[in-house]
Amino acid sequence: MSFMEDEVSDSAVESRSRLESYVFSCELSSEVPFYTFQADEDDDVEHFLELRTICLGDGAKEENNVVEVTAMNHQGKKISVPVANLNISCLPMVSLGEFELMAPVTLRLKSGTGPVTVSGLHLVATENEESELSDEDDDDDDVSVEEMPSVKPAKKKQKA
């Protein structure tokens with residue numbers, strides 16, 4: 001699954017980037033208590049993890065399962081935050097909406113034995129080449145706008 005998205009930069013100059021989305025899922029348990037989402041280093045590509053749901057799996061025990069996310073904050077420092085405290089009897093699943101984080105991101109089962117499934121989207125943003133932009137812009141110049149004649153009210157027929 002992928003889609004295109006237009007973005008406007010802070011300098012108010014319109015730029016276009018391509019945004020592709022892929023399904024993401026991982027399972028955390030006492031055997032595999034953490035998962036690190038990393039991306040290849042590429043100058044023109046940014047990777048994001050958009051978390052959507054966290055839910056307990058089959059075989060979960062009657063205990064609290066705390067899931068913690070570790071990622072960079074706005075100052076470039078690693079920060080760890082608990083995002084879900086699940087219990088099979090009262091809260092087996094939580095919806096995070098569109099909780100978007102830039103790679104690298106580590107998901108950890110801080111307490112409990114799971115299994116806990118974390119799902120969402122892996123977003124890949126790439127910048128389009130300037131040559132593609134200039135071709136698209138040229139196409140817009142060829143379109144001519146014709147003025148529509150003004151609309152006049154219809155005349156009423158009178159009965160004879």
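Predicted model: local features only at pLDDT ≥ 70, side-chain atom pairs only at ≥ 80, totals over all residues.
A salt bridge here is a side-chain nitrogen of Lys or Arg within 4 Å of a carboxyl oxygen of Asp or Glu.

Entry: I searched the whole structure and found four salt bridges. A reminder to myself: side chains of opposite charge can pair when their charged atoms come close.

**Entry: Arg18 and Glu20.** I looked up this pair and found a salt bridge, with 3.0 Å between the closest N and O atoms. How accessible is each partner? Glu20 is buried at 18% relative accessibility, because buried means under 20%. Arg18 has a relative accessible area of 33% and is partly exposed.

**Entry: Glu50 and Arg52.** Next I checked these two side chains, which form a salt bridge at 2.5 Å, N to O. I noted Glu50 as buried, at 6% relative accessibility. Arg52 is partly exposed, and its relative accessible area is 31%.

**Entry: Glu68 and Lys110.** Here I found a salt bridge whose closest N and O atoms are 3.4 Å apart. Where do Lys110 and Glu68 lie? Lys110 sits in strand β8 (residues 105-111) and Glu68 in strand β5 (residues 65-72), so this pair ties together parts that are 42 residues apart in sequence. I then looked up accessibility: Glu68 is buried, with a relative accessible area of 6%, while Lys110 is partly exposed at 48%. Which residues are joined into one network? I found that salt bridges with shared partners join Glu68, Arg108 and Lys110.

Definitions and conventions: Residues numbered from 1 in each chain as written. Heavy atoms only, no water. Buried < 20%, exposed > 50% of the residue type's maximum accessible area, 1.4 Å probe, protein only. Helix = DSSP H or I, 4+ residues; strand = E, 2+ residues; numbered from the N terminus.
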